[in-house]
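Open the model in your viewer and keep the selection panel at hand. The stops below go from the chain contact to a helix pair and then to a set of strands.

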Protein chains: 2
Amino acid sequence: MAPAMAAPIDPRTGLPVVAMVGGGQLSRMTHQAAVALGQSLRVLAIDPAESAALVAADVQLGDPRDLAALRRLADGATVLTFDHEHVPAEHLHALEAAGTRVAPGPDALVHAQDKLVLRRFLAAAGEPQPAWVEARTVHDVTVFAEEVGWPVVLKTPRGGYDGKGVFVVHGPDAAADLLEQHRVLLVEERVAMVRELSAQVARSPFGQVAVWPVVETVQRDGVCAEVLAPAPGLAADRATAVQELAVRIADRLGVVGMLAVELFETADGVLVNELAMRPHNSGHWTIEGARTSQFEQHLRAVLDYPLGDTAMTAPVVVMANVLGGAAAGESWSGPPLDERIHHFMAHWPGVKLHWYGKGQRPGRKLGHVTALGTDLGEVRARAVAAARYLADGVVEEAFAFGHDAVDDGH
Amino acid sequence: MAPAMAAPIDPRTGLPVVAMVGGGQLSRMTHQAAVALGQSLRVLAIDPAESAALVAADVQLGDPRDLAALRRLADGATVLTFDHEHVPAEHLHALEAAGTRVAPGPDALVHAQDKLVLRRFLAAAGEPQPAWVEARTVHDVTVFAEEVGWPVVLKTPRGGYDGKGVFVVHGPDAAADLLEQHRVLLVEERVAMVRELSAQVARSPFGQVAVWPVVETVQRDGVCAEVLAPAPGLAADRATAVQELAVRIADRLGVVGMLAVELFETADGVLVNELAMRPHNSGHWTIEGARTSQFEQHLRAVLDYPLGDTAMTAPVVVMANVLGGAAAGESWSGPPLDERIHHFMAHWPGVKLHWYGKGQRPGRKLGHVTALGTDLGEVRARAVAAARYLADGVVEEAFAFGHDAVDDGH
């Protein structure tokens, strides 16, 4: 029996066309994966200098909040998907009504767009999450804080990412200031967490799911700095429970494509922090570290192709983000980027580079590196030192005189 | 001390621009590798429907034999390189004279363009090769054939690939016909070969070299069908000798970029068949099967970047080409391509697909698949069955009812 076929098809290749809203690095790396599948990602970018727009053949310029731009993007595409969540749900409903396949659909996607919607869903589903309340008044915050203890965490329901829109508040005055600006806020207990985890799952419209090993994510200043795969020392039963939790959420929401479930691990278990319904920074390690990357899998899932093998290719994989550092400042006088890449390659011939082609600004995600091997300490030190050198040209003491390069651990 | 820097640099990214002559699948896969390095390959294609032109952002249309088109391609590029050899040497000399960096240079490249030039070079260098002679008359052929025995192999010095331009000749009459058409031919003994091998090496202008394990190439009708990495049962000392041979050739010719040395293995040793100075079909397995792929390495080498680690990622890797089969015929009524890809993915979730987006014609290289594992028989059967199914929709008996899919051997 033939599977449900995707349509329309690119007449030049006989293969589907995936259109992605957003021209950032997630779109850029999805295009790379599309090339292997015989496809060429259609990208909606705001600016021709965006990361994906620099490398993709089929780029449209437009605003993701403009329905006309979204309609043009969808025209002739097999399915429309996302590299970010900043797309109005009503536009996606309009596209669906006109026959466009949208993956994930707007009713699923809203749980990655609005933290209050997510909290209500998880409460109804009985899934573990921090204690929370919706606050419109200082009284709402105070009542809750007196129950769970100050400080509490106030979050804007929408628009936050990389630590933006998240505020640790120690008393009513600060809460009043924030409520004046934002009107409605999500208030959460400050979780006594041991660390952060991420569970990624892909789900196809057919309902097939694929899970990768649960990973540990290491944040600095609210931004993902490192991902350790698999999460070191995570008990097998807890790892399985977390994977099952991610699959349940994907199923109940009818997610199509990649889902990342970001979690806090505590002494007692895990609590769901937030969701992303797209390729996610916590899955960049899969490009070299798993048989099927999150980018290829996202394409397979949104096209209702059968999903690929998620087995790891090495016992330990560490991804480190290159965050714009000193080198992004105007007064910096170290080696220029191309020279830093030379030295990076000379010193770490087995560490894989992914550079996004973006302009350099302090704190901006400029690229990432992936190291593979068998010993977590060694692999992690290698990835972190390489990323730090690329960011700001600083050679760490421990790496200045030795070459760990050939011992890639395989 | 700063390394020699590449120039010019793309002002948008601070990184170099590699321009590649040719828009085929080698260029397509090089673009994929360029994306990870923060670059975007500039492609010279003849037709906008060519494999690389479908996916690259920076495509120029023009004929690789047109100097004006080559000059446009080189303008603003850091270095100019190739996905095929069909570029006149005099144009490359003209570009070099105007300051363009060409890699490999025309004096090296001619050894991949002209089989007689290669034979003379190898003879002078004392490297092993089949007995040969340059023939302008039937007498030349007959004298040689009486020495080495009929049949002999006549080859056009230039323009042959995938078995084209190669003729097994059993007597003077056939030789006369060919000489009438071609005027000058290379005549070689018909080697009693055990199998064909390929040794790939990358070399940078600085002189750094990197070698991958020697592989076995399996040809059908003169076209590469499978590549087995590493070459099964190849004695360690012979493998090392072959790698050293490839490095010597790269050094003596001053190759910059990838070099593939195609060899005949005989009972006594190896003989050099021909050279390619670009990414080569015998190295497609390196995309998943080695820490650094031939495509990334070619970019590193032509840019004089330090070279990457060539270690294998699995004990056994098999690449199988998908050659246009019955499905490319007009009267065929099997499943269309997109449906074949569905079934391929369902049956072999761990086999990696590379589809080139080209129009289907019988015998044409449409894509390739790569399987990884530990047992050669199992890995090879998986790759070959997958490639055959993709080509013509035929499910081999042994694969019709079982699923080997999850056992990916890692």
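**Stop 1: the contact between chains**

Select chain A and chain B of this predicted model. Each side of their contact is made of 50 residues, 50 from chain A and 50 from chain B. On chain A, the elements that give two or more residues to this side are β2 (15-16), α1 (25-36), α11 and β18 (352-355). Colour α11(A) separately: with 7 residues, α11(A) gives the largest share of the side of chain A that touches chain B. Sorted by class, that side of chain A holds 29 nonpolar, 13 polar and 8 charged residues.

**Stop 2: α11 and α12**

The crossing of α11(A) past α12(A) is right-handed. Now show side chains: A:Arg340, A:His343 and A:Phe344 of α11(A) meet A:Ala386, A:Tyr389 and A:Leu390 of α12(A). This contact has 4 nonpolar, 1 polar and 1 charged residues.

**Stop 3**

Next select strand β19 (residues 365-373) of chain A. Is this strand mostly covered or exposed? β19(A) is mostly covered, with 9 of its 9 residues buried.

- Strand β17 (residues 316-323) of chain A runs antiparallel to β19(A), joined by 8 bridges; A:Met319 has A:Thr370 in β19(A) as its bridge partner.
- β18(A) also pairs with β19(A) in the antiparallel sense, over 4 bridges; here A:Trp355 is bridged to A:Gly367 in β19(A).

How values were computed:
Residues are numbered from 1 along each chain as its sequence is written. Chains are lettered from A and ligands numbered from 1 in the order in which they are written. This is a predicted model: local features need pLDDT of at least 70, side-chain atom pairs count only at pLDDT 80 or more; totals for chains, interfaces and linings use all residues. A crossing is left-handed if the near helix is turned anticlockwise from the far one by less than a right angle, and right-handed if clockwise. Two residues are in contact if their C-beta atoms, placed from the backbone, lie within 7 Å. Ala, Val, Leu, Ile, Met, Phe, Trp, Tyr, Cys and Pro count as nonpolar, Asp, Glu, Lys and Arg as charged, and the others, Gly among them, as polar. A residue is buried if 20 or more other C-beta atoms lie within 10 Å of its own, exposed if 12 or fewer, and partly exposed in between; C-beta atoms are placed from the backbone. Two strands pair if DSSP finds at least two bridges between them.
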